[in-house]
Amino acid sequence: MIALIRYSVPGSRTEEFTAGARAILEVLAAQPGYVRGQLGRSVDEPALWALVSEWEGAGFYRRALSAARMDMYPLMTLMINEPSAFEGVYGLPEPPLGGV
């Protein structure tokens with residue numbers, strides 16, 4: 001299961017946001033069912049950010065959100081209100097290390 005939370009962050013709040021997003025990701029990473037995650041920034045629209053994580057299932061993700069809610073609260077005004085949980089329907093394996 002893939003989770004995608006997008007944020008619209010004014011330039012003046014970038015430092016505050018990145019510190020808060022890192023804290024959120026660290027809390028999520030400590031939760032059962034967490035597979036991996038990262039914070040990304042749009043190359044075309046620098047105010048648009050995404051916190052992306054992968055989970056063993058939706059239940060793990062929903063419980064993790066409860067654990068992270070206090071860290072998420074300060075950034076909620078920057079969050080884009082849209083669905084965040086996506087079921088994987090197709091994927092390819094990662095390429096082997098060292099190239100093709």
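**Exercise 1.** State which strands helix H1 lies across and what angle it makes with S2.

*Solution.* In this predicted model, helix H1 covers residues 14-29. The strands it lies across are S1, S2 and S3. Its direction runs at about 170 degrees to that of S2.

Now take the other helix. Helix H2, residues 58-72, also packs on the sheet. The strands touched by H2 are S1, S3 and S4. Between the directions of H2 and S1 the angle is about 25 degrees.

**Exercise 2.** Give the order of the strands in the sheet, and explain why one side of S2 and of S4 is left without a neighbour.

*Solution.* The open sheet has 4 strands, and their order is S2-S3-S1-S4. The pairing is antiparallel. Strand S2 (34-41) and strand S4 (85-86) stand at the edges. Each has a single partner strand, so one side of each lacks a neighbour in the sheet.

**Exercise 3.** Describe how S3 pairs with S1 and with S2.

*Solution.* Start with S1, residues 2-8, and S3, residues 48-55: they pair in the antiparallel sense over 7 bridges. Within this part of the sheet, Ile2 has Glu54 of S3 as its bridge partner, and Ile5 stands opposite Leu51 in S3.

Next, consider S2. It runs antiparallel to S3 and is joined to it by 7 bridges. The two strands form a hairpin, with 6 residues between them. Leu39 stands opposite Leu51 in S3.

Conventions:
Residues numbered from 1 in each chain as written. Predicted model: local features only at pLDDT ≥ 70, side-chain atom pairs only at ≥ 80, totals over all residues. Heavy atoms only, no water. Pairing = 2+ DSSP bridges. Contact = heavy atoms within 4.5 Å. Axes fitted to C-alpha atoms, helices over the stretch in contact; angles between N-to-C directions.
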